[in-house]
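Please read the points below with the sequence and the model side by side. They concern the pockets and then one part of the sheet.

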Amino acid sequence: MTDTICAISTPSGVGGIAVVRLSGDKAVEIVATVLHLHGRTQSVQECTPYHVYLADFMDEKEVLDQTLVSIFKAPHSYTGENVVEVSCHGSSYVQQRILEVLIHAGARLARAGEFTERAFLNGKLDLSQAEAIADIIHAESKQAHQLAVKQLRGGVSRKIAELRSQLLQFASLIELELDFSEEDIQFADRTQLLALLGTIKADITQLTDSFKLGGSIKQGIPVAIVGKPNVGKSTFLNAVLNDDRALVSDIPGTTRDTIEEKMTIHGVHFRLIDTAGIRQSKDTIETMGIERAYKAIEQAQIVLCIIENSRFQDVEELLDNIDVSDKQLLILVNKTEHLQQSGISEYHGHAVFYMAAKYNKGIAPIVQRLSDYVQDRTVVADTVLISNVRHYEALTRAGESLKAIEQGFQAGLSSDLIAIDIRMVINELGAITGEISNDEILQNIFGRFCIGK
Ligand SMILES: Nc1nc2c(ncn2[C@@H]2O[C@H](COP(=O)(O)OP(=O)(O)OP(=O)(O)O)[C@@H](O)[C@H]2O)c(=O)[nH]1
Ligand SMILES: [Mg+2]
């Protein structure tokens, strides 16, 4: 038998209404002692589940508030236990008092995430789905939200389960050989095994690679705005934000530190980072700023290289100093207000845009291109994107173990050693969905939830 927990599930503070939730064996009995149904003689225990009832919430002999109550019967509830939700008026006093009365009547205050933890422990959702719920609550953009919904609907879980079952099959073949080790029999055809290993490894690599995009959809895609001093980087930032955010002047070296601003374009979250103009400088502070510019480029997924009209050699110079092989580089030619005709549309395979940031010209197609960057990669319906660091780390470890297995095979390592590595991969994958978990992992995950969820 579990104890019955209670918490305010709506945000703290004053609101129109607030929802107090209870979960546990005694949830219905406990509220029955403090609720009087309106216009009915029946008790709360006799209420039909999944219906809403009007009831007075009693504080000893006094009516504390008029509330709406619904009952969810185990196992058909969020937690899988008996759940009662009481909607009360959103005064801080009423909310607090209701909790105190419920605790006095035998409930205990829930820990952060304890409702969802119980849902997990009762098999209502797996661990990656539970994490998706936290992501939905914290989603700041349409894309981040969609990613979380996909994960909640089991996208990640299914993919992991598929890989895991392939590996289990693999492991059982190898382990069978161990049982017959005296006879020196090989049940598993080595070439077939290696081929299977190859596909699993490719799948895992695809998943870990997807974290770059998945993770940044959650945090905002990092976009670095870089170039020589005075080309109009800060003017461009201001134009995109439609705000006078960064200082602009005709003195080269105006921007020293990086300036970061978040913005949402067509439901995608971006982190625009304006940087110090790159040049050789004797000024210590400016040099520190330029180092930060390089760091911003390194961490960016999209690099916007701004040049002044026709100075393509500046792109060349930048490319000599940075590696953009895993990034998208766009070249923005600025100060083209007097240009009658745009020039080339591509330079060494990088798209070229013409603009006059100061006059807000040519900005829209660039912004459109930014949002296309994500849309192109996420629209494919059945691709699974990893967006959770814990999943990413488990997959990375799984990938490393797979590599060891492959090498083991090639080196003719004995089956028992290989079997150990395979089990390790299976366990890593199981940890993602929670088939394998321990208190520490659970505490870590659910401790980050809100109280009342
Ligand atoms: N003619 C013209 N001038 C522009 C345009 N965009 C920016 N400028 C001017 O160029 C100068 C430099 O602009 P900033 O935005 O400060 O340039 P920056 O690249 O941020 O420069 P640093 O921070 O020093 O690296 C300012 O005087 C702007 O008004 C444009 O489209 N046309
Ligand atoms: Mg600037």
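1. In this predicted model, the lining of the largest pocket comprises nine nonpolar, five polar and eight charged residues. These make up a lining of 22 residues, and those nearest the centre of the pocket are Glu 131, Asp 135, Lys 218, Asn 388 and Arg 448. The volume of the largest pocket is about 610 Å³.

2. Four helices each supply at least two residues of this lining: helix 4 (127-138), helix 7 (190-219), helix 12 (389-410) and helix 14 (439-446). Helix 12 provides the largest share, with five residues.

3. The second largest pocket holds about 390 Å³ of space. It is lined by 23 residues, of which Asn 230, Gly 232, Thr 235, Val 248 and Ser 249 are the closest to its centre. By class, the lining of the second largest pocket has eight nonpolar, ten polar and five charged residues. Helix 8 (residues 233-241) contributes the most to this lining, namely three residues.

4. Why is strand 11 described as largely enclosed by the rest of the structure? Six of its seven residues (302-308) are buried, so the strand is largely enclosed. A residue is called buried when its relative accessible area is under 20%.

5. Strand 11 pairs with two strands. With strand 8 (residues 221-227) the pairing is parallel, over five bridges, and Ile 225 has Leu 304 of strand 11 as its bridge partner. Strand 12 (residues 328-334) also runs parallel to strand 11, joined by seven bridges; here Leu 304 stands opposite Leu 330. Between strands 11 and 12 the chain passes through helix 10 (residues 313-321), forming a right-handed β-α-β crossover.

Methods
Residues numbered from 1 in each chain as written. Chains lettered and ligands numbered in written order. Predicted model: local features only at pLDDT ≥ 70, side-chain atom pairs only at ≥ 80, totals over all residues. Heavy atoms only, no water. 1 Å grid on protein atoms, 1.4 Å probe; cavity = no way out; pocket = protein on both sides within 12 Å on 5 of 7 lines; lining within 4 Å. Points joined across faces, edges and corners; volume = space filled by probe spheres on them. Nonpolar A, V, L, I, M, F, W, Y, C, P; charged D, E, K, R; others polar. Buried < 20%, exposed > 50% of the residue type's maximum accessible area, 1.4 Å probe, protein only. Pairing = 2+ DSSP bridges. Right-handed = clockwise from strand over helix to strand, strands pointing away.
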